[in-house]
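Q: Could you take a close look at one part of this model for me? I would like to understand the helix and the charged side chains around its end.

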Amino acid sequence: SNSGLRARARTARLPCPVHFPTPALSTDNAAMIAAAAFPKLERGEFAALDIAAQASLTLV
């Protein structure tokens, strides 16, 4: 929800259209990530530091 980025995109002469979702849909997802990770923290489930990124990991 970066208002500076939005303003700059509106005034820039970009070669393609730029569309932004409403600010209500552009919030920081850190709270969502924390909410998904907290149950694992409570259970003491920690990944090794050499874990590979996987987009399909379960959240619960």
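A: R43 is partly exposed, because its relative accessibility is 43%, where buried means under 20% relative accessible area, exposed means over 50%, and partly exposed lies in between (1.4 Å probe, protein chains only). R43 forms a salt bridge with E45, and the closest N and O atoms are 2.6 Å apart. A salt bridge here is a side-chain nitrogen of Lys or Arg within 4 Å of a carboxyl oxygen of Asp or Glu. This is a predicted model, in which local features need pLDDT of at least 70 and side-chain atom pairs count only at pLDDT 80 or more, while totals for chains, interfaces and linings use all residues. Residues are numbered from 1 along each chain as its sequence is written, and side-chain values use heavy atoms, with hydrogens and water left out.

E45 also pairs with K40, this time with the closest N and O atoms 3.7 Å apart. The structure holds two salt bridges, and K40, R43 and E45 are linked by them in a network.

Now for the helix itself. α2 covers residues 30-43; helices are DSSP runs (H or I, at least four residues), strands are runs of E with at least two, and both are numbered from the N terminus. The 14 residues of α2 should span 20 Å at 1.5 Å a residue, and its end C-alpha atoms are 20 Å apart, so the two values agree. That expected span is 1.5 Å times one less than the number of residues in the helix.

Along the way, α2 has a kink of about 35° at A37, shortly before the proline P39. The bend at a residue is the angle between axes fitted to the seven residues ending there and the seven starting there. After α2 comes G44, whose phi is positive, near 75°.

What about the chain beyond that? S56 sits in the segment after α2, and S56 is exposed because its relative accessible area is 68%. Between S56 and A36 there are 20 residues in sequence and 14 Å in space, C-alpha to C-alpha.
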